[in-house]
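Trainee: I would like to go through the side-chain contacts of this model with you. Could we take them topic by topic?

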Amino acid sequence: MLMHSMVTDHRIPKKYAGRLAGSGGRHLVRDDFDEACLDLDYQSLRVPMDGHYLSLSARPGWLRMYGRSGLSSRFSQSLIARRMTEYRMEASTCMEFEPELFKQMAGLIFLYDTDNYLYLHVSRDEDIGKCITLLKAENRSYGYLTEYIPVSEGETLFLKIEIRESGTTVG
């Protein structure tokens, strides 16, 4: 699960790590961000994320991230990730984010590198307002796979990406 934002709060209801009964050995990881520091399984891109870039104490039970450069930057993204360890997986987040400009984005990303990813995110369109869309980057070629989907201001959002043998779904 990766998040990229200006100032965003993310919440997943309860921390749990273990094997799911009847799941064929699939692993479940949940985090409600109620510890003093991030679990060691989380990783950042290129530089450690410290109190300048994220907070677990500003709003207890939420991960607050402070945005920096965009995803194509090779220097200063605000990005927290967990490695994909299964060929079949899903990642989801509950988030609150109120973008003011189209350059402000937050969401979930399925990232191979800075040139290849799927990014389900919330942003702002000057005509539609706050919206959700899906961006695909493939070998530095970028395109939106969906129209902008308008969402209400001040609404808590739930985003999800599923990776299966038959393809990827988002919701």
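Trainee: To begin, which side chain meets that of Glu96 in a salt bridge?

Mentor: The partner of Glu96 is Arg59, with N and O 2.8 Å apart. A salt bridge here is a side-chain nitrogen of Lys or Arg within 4 Å of a carboxyl oxygen of Asp or Glu. Please note that this is a predicted model, in which local features need pLDDT of at least 70 and side-chain atom pairs count only at pLDDT 80 or more, while totals for chains, interfaces and linings use all residues. Residues are numbered from 1 along each chain as its sequence is written, and side-chain values use heavy atoms, with hydrogens and water left out.

Trainee: Over the face of which residue does Arg59 lie?

Mentor: Arg59 lies over the face of Trp62, at 4.0 Å from the ring centre. The criterion for a charge over a ring is that NZ of Lys or CZ of Arg is within 6 Å of the ring centre and within 35 degrees of the ring normal.

Trainee: Back to salt bridges: how many does the structure hold?

Mentor: The structure holds seven. One of them joins Lys160 and Glu90, at 3.8 Å from N to O. That pair links distant parts of the chain, with Lys160 in strand β14 (residues 157-164) and Glu90 in strand β8, 70 residues apart. Lys160 is partly exposed at 30% relative accessibility, and Glu90 is partly exposed at 43%.

Trainee: Which residues are linked in a network of salt bridges?

Mentor: The network consists of Glu90, Lys160 and Glu162.

Trainee: And which residue forms a salt bridge with Arg124?

Mentor: That is Glu153, with the closest N and O atoms 2.8 Å apart. Arg124 sits in strand β10 (residues 116-125) and Glu153 in the loop between β13 (149-150) and β14, so parts 29 residues apart in sequence are tied together. Glu153 is partly exposed, at 47% relative accessible area.

Trainee: Changing topic, how many aromatic pairs are there?

Mentor: The count is two. The rings of Tyr117 and Tyr142 have centres 6.5 Å apart and planes at 50 degrees, so this pair is tilted. Rings of Phe, Tyr and Trp (its six-membered ring) pair if their centres lie within 6.5 Å; planes under 30 degrees apart count as stacked, over 60 as edge-to-face and the rest as tilted.

Trainee: Where do Tyr117 and Tyr142 lie?

Mentor: Tyr117 lies in strand β10 and Tyr142 in strand β12 (residues 141-144), so the pair connects parts 25 residues apart in sequence. Tyr117 is buried at 6% relative accessible area, whereas Tyr142 is partly exposed at 43%. In the other pair, Tyr144 and Tyr148 have ring centres 5.7 Å apart and planes at 65 degrees, so it is edge-to-face.

Trainee: Which residues make the nonpolar surface patch of about 270 Å²?

Mentor: Ile128, Tyr144 and Tyr148 make that patch. Patches are made of residues with over 30% relative accessible area and no salt bridge, where like charges are joined within 9 Å and nonpolar side chains (Val, Leu, Ile, Met, Phe, Trp, Tyr) within 5 Å. The areas come from the Shrake-Rupley method with a 1.4 Å probe; for residues, only the protein chains shown count as cover. Tyr144 is partly exposed at 40%, and Tyr148 is partly exposed at 33%.

Trainee: How many disulfides does a search of the whole structure find?

Mentor: The search finds zero, a disulfide being a pair of cysteine sulfur atoms within 2.5 Å. Cys37 is exposed at 55% relative accessible area, while Cys94 is buried at 10%.

Note on methods
Helix = DSSP H or I, 4+ residues; strand = E, 2+ residues; numbered from the N terminus. Buried < 20%, exposed > 50% of the residue type's maximum accessible area, 1.4 Å probe, protein only.
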